[in-house]
Amino acid sequence: MSIENSSTAPAPRDDDPLVSAGLEIAMKWGQAFGGPEQLQVALAALEPQLKREHQIRIKQLDMQTKKAERQTRESREIRQHRFRMASLIVGSVLSIVMLAAGVYVAKGAWWLASLLCGPSLISMAAIIILRRHDNEAMKAVADAAKRATSAAAQSQVP
């Protein structure tokens, strides 16, 4: 007489508690359904439901991943916006201060006024506010600063 046909199942092995617990559960299910054929029919009927639950869980995980990516992107955009606004404010205030200081010192130190109000003001605003700095633009600013200083020096009466 085999285990499938007997109503009394042998005691599970004591070697591994997981194996013995699994065997106990399998035997109880087998006894509850009346035999292995009925258990096999019940498992076959349960399989489509398990597949549906698995697909639902995969969709939920996919939606959670998309939500996390969206939240990460939104927080990065918020940080970038704050950084750009802070740069705009700092650059604007610095430009106004440089312009005011250049006008204030224009009578006493013409060379300082030309440095504060000249091309350095424009290049500083381009770097801080626009976040752009090209080598050609920096060379052009340096040349313009030299020309402005030379022009201011020539217009001064000794």
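Ser-87 is located in helix H2. The model is predicted. Helix H2 covers residues 36–104, and Leu-43 also has its place in this helix.

**Ser-87**
- With a relative accessible area of 7%, Ser-87 is buried, because buried means under 20%.
- Ser-87 is in contact with Ile-128, Ile-129 and Arg-131, when its neighbours within four places in sequence are left aside.

**Salt bridge Glu-47 to Lys-51**
- Glu-47 pairs with Lys-51 in a salt bridge whose closest N and O atoms are 3.9 Å apart.
- Both residues belong to helix H2 and sit four residues apart, which is about one turn of the helix.
- Glu-47 has a relative accessible area of 42% and is therefore partly exposed, as this value falls between the 20% and 50% limits.

**Salt bridge Asp-62 to Lys-66**
- A salt bridge also joins Asp-62 and Lys-66, with 3.7 Å between the closest N and O atoms.
- Asp-62 and Lys-66 are separated by about one helical turn because they are four residues apart in helix H2.
- The relative accessibility of Asp-62 is 37%, so Asp-62 counts as partly exposed.

**Nonpolar surface patch**
- A nonpolar patch on the surface is formed by Leu-43, Leu-46 and Leu-50.
- Together these three leucines have about 270 Å² of accessible area.

Key:
Residues numbered from 1 in each chain as written. Predicted model: local features only at pLDDT ≥ 70, side-chain atom pairs only at ≥ 80, totals over all residues. Heavy atoms only, no water. Salt bridge = Lys/Arg side-chain N within 4 Å of Asp/Glu carboxyl O. Helix = DSSP H or I, 4+ residues; strand = E, 2+ residues; numbered from the N terminus. Buried < 20%, exposed > 50% of the residue type's maximum accessible area, 1.4 Å probe, protein only. Patch = residues over 30% accessible without salt bridge, like charges linked within 9 Å, V, L, I, M, F, W, Y side chains within 5 Å. Areas by Shrake-Rupley, 256 points an atom, 1.4 Å probe, with all protein chains shown as cover. Contact = heavy atoms within 4.5 Å.
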